[in-house]
Amino acid sequence: MIAMDLLTVKVGDEMPLLERRVTQSQIDAYANASGDHNPIHVDPDFARSVGLPGTIAHGLLEMAILAEAVARWAGGYARVQGLACRFSKPLQPGDTLLCTGRVVDVDAMNQLIHLKLEAISGRGDRVLTNGRASVRLSVDNPGQPGL
Amino acid sequence: MPDQSHVGRSYKALGQVVDQQHVAAFAAAIAGDDTPFAAGTVPPTFAAVYCVFPTMGQLFADAEVGLDMAHLVHGEQHFEWPHLVCVGDVVDANCTIVSVEQKRSLTYVGIDVEAVRSADGATVCRGYSLMVIRGGG
């Protein structure tokens, strides 16, 4: 993959949009892979019985997609040093998650780039807010194949 | 129903193995066949598997704390990965309740999580989760 040249990154640079439609089968796959089988994510009748409109995606699945957006821009998962967000609105199966980000600081001393992030749904809900990421300028000990 | 007396309670999950097949299943669940990343690359939020759920799952099942799982939603999450975790690593994870607050009909439970590689003591993940119980539990 073509990595961003992190040495030329400037404050104000935009991360490319990552758009991902989240289906119930993806939510089911995430439940199996993560071990989080809370029925609010996988059982529509149960979800409605506790006042939700239907099943909702795991917050950590949404955050995983946000991490992917950062990693695609930065040139690999190993570059992602930190990630934070607030889960402001639920995402329902069939909704699209649109992840955006902007560089807010280049910290040469600590070799980190800081971004502000957010993710909205295709229907306009602000799903992930207060998003922040730190990206490593260099990975001395990649420890992982295929940056 | 969680209250102040539960602050400080912690849960350990020792010897979590970062397993190749599990990493692959997790990566596929996130990005499907669309992933540009090489096989064996560990997605950062795989911390859910080796750190968050093995420890917080014990909290969720702790009858003395009594979290109402049907009304629990994830409010906020912070992660840092000071050292990279690799396939084959074995990590010891723990989580600790650091705050319990009631505001109107909502209960907020703050939880610190951490995972340390057994072989060298390197911190591979530290984080903070804010869980929200709707309807006062």
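**View 1. The overall make-up of chain A.**
Chain A of this predicted model contains four helices and five strands, and, read from the N terminus, these elements follow the order β-α-α-α-α-β-β-β-β. Taken along the principal axes, the C-alpha atoms of chain A fill a box of roughly 50 × 30 × 25 Å. Of the 147 residues in chain A, 43% count as buried.

**View 2**
In soluble globular proteins, nonpolar side chains tend to be buried together. Once its neighbours within four places in sequence are left aside, Leu66(A) is in contact with Leu83(A), Cys85(A), Cys99(A), Leu117(A), Ala119(A), Leu128(A) and Gly131(A).

**View 3. Helix α4 of chain A, from its first residue to the glycine that follows.**
Helix α4(A) has 16 residues, and the distance from its first C-alpha to its last is 22 Å, close to the 22 Å expected at 1.5 Å a residue. The helix is mostly covered, since 16 of its 16 residues are buried. After α4(A) comes Gly75(A), and the phi angle of this glycine is positive, near 100 degrees.

**View 4. The contact between chain A and chain B.**
The contact takes 34 residues from chain A and 30 residues from chain B. On the side of chain B that touches chain A, at least two residues each are supplied by α1 (20-31), α2 (47-60) and β2 (72-80) of chain B. Strand β2(B) gives the most to this side, with seven residues. Sorted by class, the side of chain B that touches chain A has 20 nonpolar, eight polar and two charged residues.

**View 5**
Strand β2 of chain A, residues 80-87, pairs with β2(B) in the antiparallel sense, and five bridges join the two. One pair of residues to look for is Arg86(A) and its bridge partner in β2(B), Glu76(B).

**View 6**
Strand β1 of chain B, residues 10-17, pairs with β3(B) in the antiparallel sense over six bridges, and Tyr11(B) has Cys95(B) in β3(B) as its bridge partner. Strands β3(B) and β4(B) also run antiparallel, and they are joined by twelve bridges; here Thr96(B) stands opposite Asp112(B) in β4(B). With two residues between them, β3(B) and β4(B) form a hairpin. Arg104(B) is found in the loop between β3 (90-103) and β4 (106-117) of chain B, and the phi of this residue, which is not a glycine, is positive, near 50 degrees. Arg104(B) counts as exposed because it has 6 C-beta neighbours inside 10 Å, and the cut-off for an exposed residue is 12 or fewer.

**View 7. Asn130(A), a strand residue with a positive phi.**
Asn130(A) is found in strand β5 of chain A, residues 126-136. Although Asn130(A) is not a glycine, its phi is positive, about 55 degrees. Asn130(A) counts as partly exposed because it has 15 C-beta neighbours inside 10 Å, a count that lies in between the cut-offs of 12 or fewer for exposed and 20 or more for buried.

**View 8. Arg126(B) and its contacts.**
Arg126(B) has its place in strand β5 of chain B, residues 123-133. Leaving aside its neighbours within four places in sequence, Arg126(B) is in contact with Glu80(B) and Glu114(B). Arg126(B) and Ile97(B) are 29 residues apart in sequence, and from C-alpha to C-alpha they are 14 Å apart in space. Arg126(B) is partly exposed because 18 other C-beta atoms lie within 10 Å, whereas a buried residue needs 20 or more.

Note on methods. Residues numbered from 1 in each chain as written. Chains lettered and ligands numbered in written order. Predicted model: local features only at pLDDT ≥ 70, side-chain atom pairs only at ≥ 80, totals over all residues. Contact = placed C-beta atoms within 7 Å. Nonpolar A, V, L, I, M, F, W, Y, C, P; charged D, E, K, R; others polar. Pairing = 2+ DSSP bridges. Expected span 1.5 Å × (residues − 1).
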